[in-house]
Structures are given as structure tokens and as C-alpha cells.
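Hi everyone, thanks for coming.

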Amino acid sequence: MMMQGKTGLIMGMANKFSIAYGIAESLKVNGAKMIFTAQTDYFKSKITDIAKDFGGYEVIPCDVSKDDEIEKAFDEMLNITGPLDFIVHSIAFSDRNELAGKYYNTSRSNFLNAMNISCYSFTEVARHSQKLMPNGGSLVTLTYYGAEKVVPNYNVMAMAKAALETGVIYLADDLGEVGIRVNAISAGPIKTLAASGVGEFSKILEFERHRAPLKRNVTQKDIGDACLFILSDMASGITGEIIHVDCGSNKIGVKF
Ligand code: NAP
């Protein structure tokens with residue numbers, strides 16, 4: 001029960017296949033209570049039933065592309081839960097038509113939108129987290145290996161993740177003095193709604209499975225348990241890290 005007595009926020013659970021769902025499961029098993037945000041009222045009604053299993057709080061609408069929504073949602077949450085101990089940011093978006101083919105075909109509008117939702121939103125979450133975490137806490141965001149090396153079709157999302165990863169170290173430095181730790185988990189590929197938008201995703205899954213020292217793809221539980229550790233007091237000395245949870249595949253160059 002590593003998270004007994006701790007309460008946190010989960011942003012980015014679309015359904016039971018979401019990485020955020022796996023994270024919430026691991027946290028729940030270890031005693032945490034959680035409140036969730038959803039992009040719109042439509043999605044709020046879709047995840048309300050799932051959220052009931054994790055603490056019974058009302059789902060708060062929060063479209064992270066809108067300037068005022070994060071602040072408003074955080075104020076509302078403070079009234080409902082009181083101070084928080086952790087926040088999970090598990091959000092990304094790109095027009096799926098631009099997650100295939102050549103990266104140079106990325107449009108300016110999709111580039112800016114992908115950066116806004118997938119990267120800038122974490123900066124805004126981190127700034128407002130201080131209000132929700134007067135006693136310190138822990139933030140985690142989700143990234144992918146495509147930020148480090150070319151992965152076919154990952155395209156604009158790779159740019160957003162590279163910026164997100166750099167953001168993690170700057171935010172860790174900004175927030176260290178108020179006791180807030182900031183880390184990212186670089187997850188191996190998992191079939192989710194967002195991932196199914198990446199061209200030839202099944203080939204990426206197959207390639208990573210072949211390459212991985214553990215000879216398999218990661219599961220929601222693998223990522224959930226790693227996230228549990230990084231959010232818990234067991235990781236009290238860890239901040240500014242990009243932690244790979246991918247069965248070791250990022251360590252392998254060529255494998256015949
Ligand atoms: P997912 O289940 O589709 O989750 C993505 C979430 O982002 C959804 O809940 C979606 O909300 C939310 N979102 C998109 N635009 C938003 C906005 N404007 N405001 C608020 N929420 C918004 O997919 P996932 O794979 O679990 O993705 C979670 C994170 O893991 C992402 O950062 C992704 O890049 C990262 N990741 C995924 C993999 C993988 O292989 N699956 C690997 C490494 C990293 P709606 O449902 O309301 O649109």
C-alpha cells in the first residue's frame with residue numbers, strides 16, 4: 001500500500017485500453033484515491049462509470065488546449081479533493097492524417113496544435129500544480145522513443161515528445177525548490193486509441209517485440225507499476241528523469 005492516504009489527478013483516460021487506466025489500476029491497488037479530467041462533457045459521460053472505481057469523485061471537464069480550462073479545473077478540484085500528492089499527464093494529439101508518410105508534409109497548423117496539446121499543456125499543468133500541491137508532490141508525463149530516434153510515421157508527435165522531454169528537465173529544476181518532482185515515462189508501444197492513429201502501428205509493435213531483450217511488448221501494468229514507483233515516496237530522490245519502460249528495447253541498436 002505504497003500510496004495509502006495519497007490523492008492524485010489523472011488526465012488522459014479515454015477508456016480501459018488507455019495507458020492512464022493501467023496507471024490508475026496500479027495506484028488504486030496500492031491505496032491511492034484519484035480524480036479524473038475529461039476533454040469535454042461528452043467524454044466526461046463516457047469515463048464517469050470507469051472513474052467511479054477509483055475514488056468516486058466527479059469527473060472534471062478540461063480541454064488542455066484552452067488557456068483558462070486548466071486553471072478553472074484545478075480550482076474546482078482543490079474544492080473537491082483538497083491538496084493533491086500527484087498528477088499524471090497522459091495526453092497527446094495529432095491529426096492522424098499526418099502520422100503517416102514523410103515528416104516534411106506536416107502542416108503548420110497541425111504542428112502547432114500537436115505541440116500545444118501534447119507538450120505545452122504539461123507546462124501549464126506544472127505551473128498550476130503548485131496551487132494544488134502546497135506540500136510538494138510528483139508529476140509524471142508520458143513520452144515515446146520516437147523523440148530520440150527515427151520511428152517511421154511518428155513524425156510530428158516525435159517533435160512534440162522531444163520538446164516535452166526537454167520540458168521535463170526545465171520543470172524539474174523550476175519546481176524542485178517547492179518539493180515537486182517532475183519525471184516522464186517513455187513507454188513502449190501499446191495498442192490504444194491514440195496509438196492506432198500512427199501509421200503501420202502493428203509493425204512498430206512487432207519490431208519492438210523482436211528487438212526487446214525481454215522478447216515481448218510492454219503491458220499497461222508494466223507502465224502502471226513503474227509510474228506507481230515514480231509517484232511514490234520510494235522515488236523521493238528522483239526528478240528530471242526520462243524513464244524507459246519498454247522491455248529494454250531502447251538499448252538495442254541492430255538485431256538480426
Ligand atoms: P489514449 O487512450 O487515446 O489517451 C490519449 C488521451 O489524450 C485521451 O484521453 C484524450 O482525450 C486525451 N486528449 C487529447 N486531446 C486532449 C485535449 N485537448 N484535452 C484533454 N485531453 C486530450 O492513448 P494512450 O496511448 O493511452 O496515450 C496516453 C499518452 O501516452 C500520450 O501522451 C501518448 O503519446 C503516450 N504514449 C503512448 C504510447 C502507446 O504506444 N500507446 C507509447 C508511448 C507514449 P479524449 O479521449 O477525450 O480525446
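**The ligand and its pocket**

The largest pocket here is the space that the ligand takes up. For pockets, picture a 1 Å grid over the protein atoms alone: a pocket is an open set of points with protein on both sides within 12 Å along at least five of seven lines, and a molecule sits in one if more than half of its atoms lie within 2 Å of its grid points.

A word on the source: this is a predicted model, where local features need pLDDT of at least 70, side-chain atom pairs count only at pLDDT 80 or more, and totals for chains, interfaces and linings use all residues. Residues are numbered from 1 along each chain as its sequence is written, and side-chain values use heavy atoms, with hydrogens and water left out.

Now the polar contacts, meaning N or O pairs within 3.5 Å. A backbone N or O atom of I190 is 2.8 Å from a ligand oxygen, and one of I91 is 3.2 Å from a ligand oxygen. On V64, a polar backbone atom lies 3.0 Å from a ligand nitrogen. The protein buries 92% of the 890 Å² that the ligand exposes when taken alone (Shrake-Rupley, 1.4 Å probe).

Finally, the cysteines: with sulfur pairs within 2.5 Å as the rule, the count is zero disulfides. For C119, the nearest cysteine sulfur, that of C62, is 16 Å away.

Technical notes
Polar contact = N/O pair within 3.5 Å; in protein donor to acceptor, adjacent residues only side chain to side chain. 1 Å grid on protein atoms, 1.4 Å probe; cavity = no way out; pocket = protein on both sides within 12 Å on 5 of 7 lines; lining within 4 Å.
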